[in-house]
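Colleague: Please take me through this model, beginning with the helix packing.

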Amino acid sequence: MIPFLYAVAAVFFILVFIEAAYRFLACRPDLLEKCPQGIINSVGHLYVQGGERRVMQFLPDCGRHDPELGYTLKPGAFTYSGREFSNRYEINSLGVRDDEASLEAPEIVVVGDSFAVGWGVDREDMFSRILARETGLRVLNTAIPSYGTVREMMILRKIRREKLKILVIQYCQDDYDENLRFFRSGNRLKVMGEDTFRRLAAFHSRPNPYYFGKYLRLKAQKRVDEWGERLRKRTSAPPPEADEADLFLHALLHGGVDLAGVRIITFEMNGRHQSNTFTALLRQKLQTGSWPEEIRRMTVIDMTEHLEDRHFYILDDHLKREGHAVVARVILDAIRNEA
């Protein structure tokens, strides 16, 4: 009996130590950065899943419902903060992070999600602003957190495009679900209604304080979810009829935007755990088939060749100021090489 109690006590103290270590590192990203990659991944996951990283678009001061797009950012100004940053966001009447002047027939437009919106950096450090300074052209950033390619084309329809020369598309693997829904529904996308938006806003705005044992609970839940996912894969339906590159191209071709004569530059951005799967697949697709000229001549950039882990926040996983500078430099090189 006594050895059993010793074993139980030892397990208890080990779990207490793990929980305390996770919490300490989650509050000290400067120390977390020096840890092995496995620990960084675990703590980053707990930080996000524990609700300590707020979802910008569903905070009352930051987002608003839009009947055509589901939501946009809220016109005006707000401050959005994480454990590693705090930045001021100035939003124009379209609901994007740019000024009113940029809406007047821009020559370069950037579309994308939270990576392109400059989540975690000041406006002047965003790669879109660097492009504007370096090229001398009028640049508009229409990126909105969690948008897929379909809604990126939908918001593009709302702006003046008569002077548009270059379209920069930041793709994320999360775009897949939205693009697939659009494809399966016959080129129509159902967006969230106002009631759904309000429920999500209430959920993400609620207090979510830390309590001892929270991280261990989340860790256990992750293991259960992973087990369930493996089980679903064994009994899953056949794979979808189109891959992510097919769906991306379908969204461009059927998104209701005439891109004839526009130079398209595309790159993939998924956070610190970078991937060039989409990039390689898209390049392969463009080499076969019959595409409109603007699609066939698309420039596809592999950012894994240029970005490193140090260019991303440890906990939040978005680009730092230095990362935006790298992205801007690579895009500028692509623009100049085709000039």
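Modeller: Helix α10 crosses α11 in the right-handed sense; a crossing is right-handed if the near helix is turned clockwise from the far one by less than a right angle, and left-handed if anticlockwise. Helices (H or I, at least four residues) and strands (E, at least two) are DSSP runs, numbered from the N terminus.

Colleague: Before we go on, what should I know about the model itself?

Modeller: It is a predicted model, in which local features need pLDDT of at least 70 and side-chain atom pairs count only at pLDDT 80 or more, whereas totals for chains, interfaces and linings use all residues. Residues are numbered from 1 along each chain as its sequence is written, and side-chain values use heavy atoms, with hydrogens and water left out.

Colleague: Back to that pair, then. At what angle do α10 and α11 pack?

Modeller: The angle between α10 (residues 244-254) and α11 (residues 277-286) is about 65 degrees, and their axes are 8 Å apart. Axes are lines fitted to C-alpha atoms, for helices over the stretch in contact, and angles run from 0 to 180 degrees between N-to-C directions. The two helices are therefore roughly perpendicular to each other (65 to 115 degrees; under 35 is roughly parallel, over 145 roughly antiparallel and the rest oblique).

Colleague: Which residues make the contact?

Modeller: From α10, Glu244, Ala245, Asp246, Phe248 and Leu249 take part, and from α11, Thr277, Phe278, Leu281, Leu282, Lys285 and Leu286. Contact means heavy atoms within 4.5 Å. By class, the residues of this contact are seven nonpolar, one polar and three charged. Ala, Val, Leu, Ile, Met, Phe, Trp, Tyr, Cys and Pro count as nonpolar, Asp, Glu, Lys and Arg as charged, and the others, Gly among them, as polar.

Colleague: And α7 with α10: is that crossing left-handed or right-handed?

Modeller: The crossing of α7 and α10 is left-handed. Tyr176, Asn179, Leu180, Phe182 and Phe183 of α7 meet Glu244, Leu247, Phe248, His250, Ala251 and His254 of α10. This contact of α7 with α10 has seven nonpolar, three polar and one charged residues.

Colleague: What about α5 and α13; how do their axes cross?

Modeller: The axes of α5 and α13 cross at roughly 45 degrees and come within 8 Å, so the two helices are oblique to each other. Their crossing is right-handed. On the α5 side the contact uses Phe127, Ile130, Leu131, Glu134 and Thr135; on the α13 side it uses His324, Ala325, Val327, Ala328, Ile331, Leu332 and Arg336.

Colleague: Changing topic: in what order do the strands of the open sheet run?

Modeller: The order is β6-β5-β7-β8-β9, five strands with parallel pairing. The edge strands, each pairing on one side only, are β6 (139-141) and β9 (299-301). On average, neighbouring strands here are turned by 15 degrees against each other, direction ignored. Two strands pair if DSSP finds at least two bridges between them.

Colleague: How many bridges are there between β5 and β7?

Modeller: Strands β5 (residues 108-111) and β7 (residues 166-171) are joined in the parallel sense over four bridges, and Ile108 stands opposite Ile166 in β7.

Colleague: Which strands does α5 lie across?

Modeller: Helix α5 (residues 127-135) lies across β5, β6, β7 and β8 (263-268), at about 175 degrees to β6. Helix α6 (residues 149-156) also packs on the sheet and touches β5 and β7, its direction making about 150 degrees with that of β7.

Colleague: Which strand runs antiparallel to β1?

Modeller: That is β2 (residues 70-73), joined to β1 by four bridges. A hairpin links β1 to β2 through three residues, and Arg64 stands opposite Thr72 in β2.

Colleague: Lastly, how many salt bridges are in the whole structure?

Modeller: The search finds 24, a salt bridge being a side-chain nitrogen of Lys or Arg within 4 Å of a carboxyl oxygen of Asp or Glu. Arg53 forms one with Asp316, the closest N and O atoms being 4.0 Å apart. Arg53 lies in the loop between α3 (37-49) and β1 (63-66) and Asp316 in the loop between β9 and α13 (321-337), so the pair ties together parts 263 residues apart in sequence.
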